[in-house]
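Here is a short tour to read with the structure open beside you.

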Amino acid sequence: MENEKSSLVLVSDIYPDNIIVLPLENRPIFPGLTLPLTFPGKKMVEYAEHALESNNGFIGVSLIDEIDEENILDSRLHKTGTLLKIMKIINKTDDMVHFFAQAVTRFEHIKTISRKGIPHWQVQFDYEEKTSPPAELKAYTLAVINSVKELIKLNPMFQEQMRLALSQVGMEKPGLLMDLVASFLTADSNKLQEILVARDLFERSEKLILLLKEEIEVSQLQQDIQKQIEDKVSKHQREFFLREQLKVIKKELGLEKDDKSSEIEILEKKIKKLHLTPEADKVVKEEIEKLKTLESGSAEYQVSRSYLNWLTDLPWGIYSAENYNLPKARSILDADHYGLKDVKERILEFISTIAKRGKVSGSIVCLVGPPGVGKTSIGKSIADALGRKFYRFSVGGMRDEAEIKGHRRTYIGAMPGKIIQSLKRSGVSNPVIMLDEIDKIGVSYQGDPAAALLEVLDPEQNSDFLDHYLDVRFDLSNILFVTTANQLDTIPRPLLDRMEIIKLPGYILEEKMEIAKRYLVPKQRKEHGLKASEINITDPALAKIADGYAREAGVRNMENQIRKIMRKATLMQAEKNTDKININQKNLTAFLGQPVFSAEELYKKPIPGVTLGLAWTAMGGATLYIEASAIPAKSPGIKQTGQLGNVMKESVEIAFSYVRSLGKKEKKISQFFQNNQIHLHVPAGATPKDGPSAGITMALALYSLASNKAVKKGIAMTGELTLTGKVLPIGGLKEKIIAARRVKVFELILPAENKKNYDELPDHLKEGITAHFVSQFSEVLKIAYPS
């Protein structure tokens with residue numbers, strides 16, 4: 001064999017030139033070590049067996065230079081590795097081998113060859129001279145030993161291994177000593193690989209000394225950190241013991257009480273300020289006596305203390321001073337809300353009744369109306385008008401009865417229901433409590449919150465309201481409950497019976513403009529840091545916003561549009577240094593884009609089979625045409641389109657049957673229906689529609705088609721129709737009249753029973769309107785065909 005240095009070598013020291021090399025992932029192995037190794041994979045098992053059979057147990061290992069994630073055997077390895085002698089296979093399975101091996105010497109890769117389909121490395125080994133080392137090398141070795149001793153002092157983790165290495169290997173074997181020391185270091189694998197590569201002992205010792213210095217610095221830093229932590233812990237412990245001693249001394253001298261005594265004293269002081277009921281007083285005293293016997297560290301003590309805190313935090317017998325000044329109440333309502341005259345009158349009647357009786361027992365208000373009409377703010381205004389505290393919480397989506405009546409104290413994290421919580425937060429026994437979104441309350445397997453509210457909102461029961469957590473009766477009869485809802489259909493009937501309904505129908509265009517000028521524009525100006533002199537929105541622009549961008553019943557969307565204008569205005573000021581921004585009809589689209597709602601267009605000329613109806617939507621009132629067309633057919637009938645709901649489909653059937661029944665008197669109509677199939681359509685087809693109020697409009701469209709006579713121009717109608725021709729009343733009259741005014745239709749046909757609703761409308765809304773009130777469809781025909 002060739003060797004780097006020519007010297008005599010024993011036959012037992014001669015190693016095979018060609019060896020299998022296994023990859024190492026974490027760190028290299030240094031010569032001189034005896035250690036167990038585990039290699040997973042079927043190929044690894046095969047290679048280990050081959051080494052035992054063919055290479056006398058010799059096998060190589062080398063650190064991975066660049067790993068192949070899919071197949072680790074295809075990874076690129078470092079050229080320098082370590083030759084191992086497998087001493088014993090400890091454990092072997094089909095896909096894992098675990099053996100005990102001795103690291104013998106270094107080798108360097110020359111080339112890769114294949115034997116029996118197994119890749120082998122042709123290598124050159126490092127044979128160290130067995131002569132006495134020179135003095136300079138001894139000095140280096142001594143420097144390594146001194147660094148190791150310094151490291152042992154700092155890090156006891158290295159103590160046993162390093163002492164063993166120093167005792168077994170002396171100065172006469174510097175290379176082996178350096179390898180053993182390097183194998184115990186925690187340095188980076190690449191730095192350890194550099195030491196393995198270094199065959200020259202001087203170079204190896206220099207690299208090792210540098211690594212030892214780094215290890216010493218890390219250990220020194222670790223020791224400093226440990227010392228700092230120990231100092232802090234000992235300081236905290238010392239302070240803790242001193243504080244505990246001070247507490248005991250103060251307690252013995254009577255200068256201070258322990259935590260439990262202090263808490264009980266605080267509770268007793270709170271009780272003296274309250275006007276507890278006999279039942280509550282008895283429970284509180286029993287709990288305090290129980291608290292005195294419990295250890296402050298026990299779980300039961302915490303539960304009992306929490307329960308007493310809740311009992312004593314409630315406003316037993318504490319009431320806010322009430323104000324029954326009706327002129328002041330009226331001025332507060334007028335200042336906070338524009339329009340809603342009928343609603344304000346109802347609220348003032350309500351307040352005057354409370355003032356007369358001196359209590360609110362039996363008074364529960366339910367404000368019903370579309371989103372954004374001011375239901376919540378009206379509730380706040382009622383509280384202000386009465387001089388009471390106001391507390392609001394939403395019951396929308398509530399599914400657990402315990403949210404209202406509390407959890408039983410047996411459960412972890414139990415607490416009272418929302419009603420008791422609201423009393424604690426308001427601090428008085430007579431607040432105004434608003435239950436928002438009562439129409440959206442849920443039901444689940446955990447109970448029915450609506451059923452739990454029956455006791456809360458029942459004047460006959462709520463004077464003795466029993467919360468599950470408190471388990472003590474509390475009088476809720478002094479609370480004024482105000483609820484809000486968008487619709488009444490989803491509120492359970494027993495709950496609805498306990499409330500007085502006040503409807504907020506929404507705002508007309510003129511009211512929206514006034515609200516915007518008085519409240520919305522100033523509010524948004526202030527929120528965006530703008531002055532009145534810096535921005536101006538004209539009345540026509542406000543009218544266009546209300547009609548083209550925010551046509552819903554409330555004003556929430558209108559406020560959003562004004563907010564959008566203010567944001568654009570602040571941007572213009574920042575970028576263009578504009579002093580005054582004026583928003584009018586012409587430049588409004590530059591701030592808000594194109595209008596969301598387009599103006600409804602009317603037919604220029606009346607057409608047989610086409611009538612104009614009035615409808616109510618969530619966005620307010622709307623006008624819609626009913627179109628009827630005839631198709632000659634042998635099998636007569638009717639089909640309808642326009643995404644109609646079930647109620648509206650029934651209205652079509654009723655109108656069709658009724659108009660066909662008129663054929664008994666008019667043969668022309670009878671023949672028409674016998675020879676034609678009718679198609680009735682309600683534009684726009686993409687919008688779902690439902691409701692019974694289009695009955696007379698559909699019947700008139702069918703009559704107009706059958707008689708081939710167009711309905712007179714400029715007339716709109718609404719009303720439910722029966723099979724006998726009777727016209728029934730409808731809802732949403734105010735919104736429908738607003739819709740008619742919007743398209744400049746001033747002649748209306750309305751059900752006779754809605755005359756009382758029409759008379760209650762504001763005069764400015766009825767101005768210029770000619771309203772015909774009908775109770776039979778025959779009257780509709782006389783108005784539609786006056787000739």
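This is a predicted model: local features need pLDDT of at least 70, side-chain atom pairs count only at pLDDT 80 or more; totals for chains, interfaces and linings use all residues.

- Five bridges link S10 with strand S11 (residues 432–436), and the two run in the parallel sense.
- Within that pair, Tyr 391 is found opposite Ile 433 of S11.
- Strands of a sheet are paired through backbone hydrogen bonds, in either a parallel or an antiparallel way.

**Helices packed on that sheet**

**Gln 421, a residue of H14**

- Gln 421 has its place in helix H14.
- Is Gln 421 buried or exposed? With a relative accessible area of 9%, Gln 421 is buried, because buried means under 20% relative accessible area.
- A polar atom of the Gln 421 side chain lies 2.8 Å from the backbone oxygen of Pro 416.
- Setting aside residues up to four places away in sequence, Gln 421 touches Trp 310, Met 415 and Pro 416.

**The bent helix H17**

- Where does helix H17 (residues 509–527) bend? The bend is at Ala 516 and amounts to about 50°.
- Ala 516 is itself buried, and the other buried residues of H17 include Glu 511, Lys 512, Met 513, Ile 515 and Leu 520. Val 521, Gln 524 and Arg 525 are buried in H17 as well.
- Which elements do the buried residues of H17 pack against? They pack against strand S16 (535–537), helix H18 (539–549), helix H19 (556–576) and helix H24 (733–742).
- After H17 comes Gly 529, which has a positive phi, near 70°.

**Strand S25 and its partners**

- Strand S25 (residues 747–751) is mostly covered, with five of its five residues buried.
- Strand S22 (residues 715–717) runs parallel to S25 and is joined to S25 by three bridges. Here Met 717 stands opposite Ile 749 of S25.
- S25 also pairs with strand S26 (residues 770–774), in the parallel sense and over five bridges. Leu 748 has Ala 771 as its bridge partner in S26.

**Asn 155, a loop residue**

- Asn 155 sits in the loop between helix H2 (135–154) and helix H3 (159–168).
- Asn 155 counts as buried, since its relative accessibility is 12%.
- What does Asn 155 contact, leaving aside neighbours within four places in sequence? Asn 155 is in contact with Ser 219 and Gln 222.
- Between the C-alpha atoms of Asn 155 and Ile 638 there is a separation of 97 Å, and these residues are 483 residues apart along the chain.

Terms used:
Residues are numbered from 1 along each chain as its sequence is written. Side-chain values use heavy atoms; hydrogens and water are left out. Buried means under 20% relative accessible area, exposed over 50%, partly exposed in between (1.4 Å probe, protein chains only). Helices (H or I, at least four residues) and strands (E, at least two) are DSSP runs, numbered from the N terminus. Two strands pair if DSSP finds at least two bridges between them. Contact means heavy atoms within 4.5 Å. A polar contact is a pair of N or O atoms within 3.5 Å; within protein, one must be able to donate a hydrogen and the other to accept it, and residues adjacent in sequence count only if both atoms are side-chain atoms. The bend at a residue is the angle between axes fitted to the seven residues ending there and the seven starting there.
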